[in-house]
Amino acid sequence: MQNTDFKEMFPQDLDLCNAVVLNAVDDWREGMKYLYLHPNGQKKNIKFYEVCHAKHFILSDDFANFTSLDGSYLMRMLEKEFEEWKEKQNA
């Protein structure tokens, strides 16, 4: 099955492609912070699913259909950002 490169097929929808990527990044960030601050919170299962789903998307081949960003690099930067955020929480 051939991958669909949405940013080439629909250049007028580049904002939509960027929104999909930003949504995944926001889901991951918010989910990780929630899980850290509320490890036994009511929404932990939902947030865990969102974090896993966002990470899976960012690291998938499909991610390249929406952006020219390197998903592996982005994930490493997000994880580094989260570790720095945790350090500030513990200071």
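Helices (H or I, at least four residues) and strands (E, at least two) are taken as DSSP runs and numbered from the N terminus. The model is predicted: local features need pLDDT of at least 70, side-chain atom pairs count only at pLDDT 80 or more, and totals for chains, interfaces and linings use all residues. Residues are numbered from 1 along each chain as its sequence is written, and side-chain values use heavy atoms, with hydrogens and water left out.

**View 1. The largest nonpolar core has 17 residues.** A nonpolar core here is a set of buried Ala, Val, Leu, Ile, Met, Phe, Trp, Tyr and Cys residues joined through side-chain atoms within 4.5 Å. Buried means under 20% relative accessible area, exposed over 50%, and partly exposed in between (1.4 Å probe, protein chains only). Trp28, Phe57, Ile58, Phe63, Leu74 and Leu78 have the most contacts inside this core. Two or more residues come from each of α2 (14–37), α3 (44–58) and α4 (71–90). The biggest share, six residues, is from α2. In soluble globular proteins, nonpolar side chains tend to be buried together.

**View 2. Surroundings of Phe57.** Contact means heavy atoms within 4.5 Å. Neighbours within four places in sequence are set aside. Phe57 then touches Val20, Ala24, Asp62, Phe63 and Phe66. Phe57 and Phe63 are also among the core residues with the most contacts inside the core.

**View 3. A salt bridge links Lys55 and Glu79.** The rule asks for a side-chain nitrogen of Lys or Arg within 4 Å of a carboxyl oxygen of Asp or Glu. By this rule there are four salt bridges. In this pair, the N to O distance is 3.3 Å. Lys55 belongs to helix α3 and Glu79 to helix α4, so the bridge ties together parts that are 24 residues apart in sequence. Lys55 is partly exposed, at 33% relative accessible area. Glu79 is partly exposed too, at 30%.

View 4. Glu50 is partly exposed, with 25% relative accessibility. Lys47, at 17%, counts as buried.

View 5. Glu83 is partly exposed, at 39% relative accessibility.
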